[in-house]
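Please look through the sequence and the structure shown below.

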Amino acid sequence: MPIPVTEHLIYSHMLKTGGLWVSRVIKNHPTGKLEPGRRHLPVSQIPANLRKNRLLFSTVRDPWAWYTSLYQHALTADDQAPLLAFGSGKSDFRSVLWGMTHPWGVDLHEDFAMVMPFQGDHRESFKQKHVGLYTWLNHWIHGEPGAKGSIRCFIDTPQLNEGLAQLLDVHSITEKPQNAAAHRPKTHIKNPKSLWDVEMIEWVRQADPSYIELFGYDGPFTQTLKAITLLQERHYDHH
């Protein structure tokens, strides 16, 4: 998918955070358009001319909801190999989640992001970081949190309508965010919380602590305090 922009905004799409809806809303904005590019592009690869004089923003959701959504999406894929690799041959959520939060302990598929194909092999990089898939992909797409050039403006997925309306400076957005039941009814998980137990919740806390703290998530299926989170730029000592 091309890169969505308006006169003053440019959107970086983190998978499974409502990005298709955001892209449609931006495309339909009076100054909106789709620039050539591909979806889920790392921030470092977004052309500088597109970023100039535009606020770069992305979308984020709590890791427990994100893992659930990614698992639901992967169940519909024609190629089940990446999903089964995380589950060491099993496709149940518990087995797959263990692999996504303990990647150094499984034989990863080269397309371990499942929703998007990589350009290059990133399996060793993922394993060596000793973090969950949620943290690794957020870092890979958004850049080092707070670093120069990274994304520092995020809209919380459960608050998409409110947050995007603020950035677009409109009263409200009439188009409703897409529900999984509408486009993937066969694998729609009616009660996603039922997939989780105390031990699995803790796997995520241990695998993705930096982003849980960064965005202030209290626990599974929660939201940020405000619809929009602005990260402060960090200044690094290079000596």
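Are tryptophan 66 and tyrosine 67 buried or exposed? Both residues are buried. The structure is a predicted model, and the values in this report are computed from it.

## Aromatic pairs

A search of the whole structure finds 14 aromatic pairs. Tryptophan 66 and tyrosine 67 make up one of them, with an edge-to-face arrangement. Their ring centres are 5.2 Å apart, and the angle between the planes is 75°. An angle over 60 degrees counts as edge-to-face, which means that 75° falls in this class. Trp66 and Tyr67 also belong to one aromatic cluster, together with Tyr134, Phe154, Tyr211, Phe215 and Tyr217.

A pair of aromatic rings is described by the distance of the centres and the angle of the planes. Phenylalanine 112 and phenylalanine 126 form a pair that is stacked, at 4.9 Å centre to centre and 25° between the planes. This pair links distant parts of the chain, 14 residues apart. Phenylalanine 112 is in the loop between α5 and α6 (123–129), while phenylalanine 126 is in helix α6 itself. Both phenylalanine 112 and phenylalanine 126 are buried.

## Salt bridges

How many salt bridges does the structure hold? There are five salt bridges. One of them is formed by the side chains of glutamate 175 and arginine 24, at 2.8 Å from N to O. Glutamate 175 lies in the loop between α8 (160–168) and α9 (180–183), and arginine 24 lies in helix α1 (residues 19–27), so the pair ties together parts that are 151 residues apart in sequence. Glutamate 175 has 27% relative accessibility and counts as partly exposed. Arginine 24, at 30%, also counts as partly exposed.

Aspartate 197 and arginine 94 form another salt bridge through their side chains, at 2.5 Å from N to O. Aspartate 197 is in the loop between α9 and α10 (198–207) and arginine 94 is in helix α5 (residues 93–101), so this pair ties together parts that are 103 residues apart in sequence. Aspartate 197 is partly exposed at 31% relative accessibility, and arginine 94 is partly exposed with a relative accessible area of 31%. Salt bridges that share partners join Arg94, Asp197 and Glu199 into one network. A further salt bridge joins the side chains of lysine 33 and glutamate 35, at 3.2 Å from N to O. Lysine 33 is partly exposed, with a relative accessible area of 41%, whereas glutamate 35 is buried, at 17%.

Which residues of α8 are buried? They are Leu160, Gly163, Leu164, Ala165, Leu167 and Leu168. An α-helix has 3.6 residues a turn, so residues three or four places apart point the same way. The cover over the buried residues of α8 includes helix α1 and the strands β2 (9–12), β4 (55–60), β5 (153–156) and β6 (228–230).

Leu168 is also a contact of histidine 29, as is Thr6, when neighbours within four places in sequence are left aside. Histidine 29 is located in the loop between α1 and β3 (33–35). With a relative accessible area of 18%, histidine 29 is buried, because the cut-off for buried is under 20%.

## Residues with positive phi

Aspartate 169 follows α8 and is in the loop between α8 and α9. Its phi is positive, about 60°, although aspartate 169 is not a glycine. This residue is exposed, with a relative accessible area of 70%.

Methionine 114 is another residue that is not a glycine and has a positive phi, here about 70°. It lies in the loop between α5 and α6. Is methionine 114 buried or exposed? Methionine 114 is buried, with a relative accessible area of 17%.

## The second largest pocket

The second largest pocket holds about 170 Å³ of space. Its lining is made up of 10 residues. Which of these lie nearest the centre of the pocket? They are Arg51, Gly149, Ser150, Ile151 and Arg152. By class, the lining has four nonpolar, two polar and four charged residues.

Definitions and conventions:
Residues numbered from 1 in each chain as written. Predicted model: local features only at pLDDT ≥ 70, side-chain atom pairs only at ≥ 80, totals over all residues. Heavy atoms only, no water. Salt bridge = Lys/Arg side-chain N within 4 Å of Asp/Glu carboxyl O. Helix = DSSP H or I, 4+ residues; strand = E, 2+ residues; numbered from the N terminus. Buried < 20%, exposed > 50% of the residue type's maximum accessible area, 1.4 Å probe, protein only. Phe/Tyr/Trp six-rings, centres within 6.5 Å; stacked < 30°, edge-to-face > 60°. Contact = heavy atoms within 4.5 Å. 1 Å grid on protein atoms, 1.4 Å probe; cavity = no way out; pocket = protein on both sides within 12 Å on 5 of 7 lines; lining within 4 Å. Points joined across faces, edges and corners; volume = space filled by probe spheres on them. Nonpolar A, V, L, I, M, F, W, Y, C, P; charged D, E, K, R; others polar.
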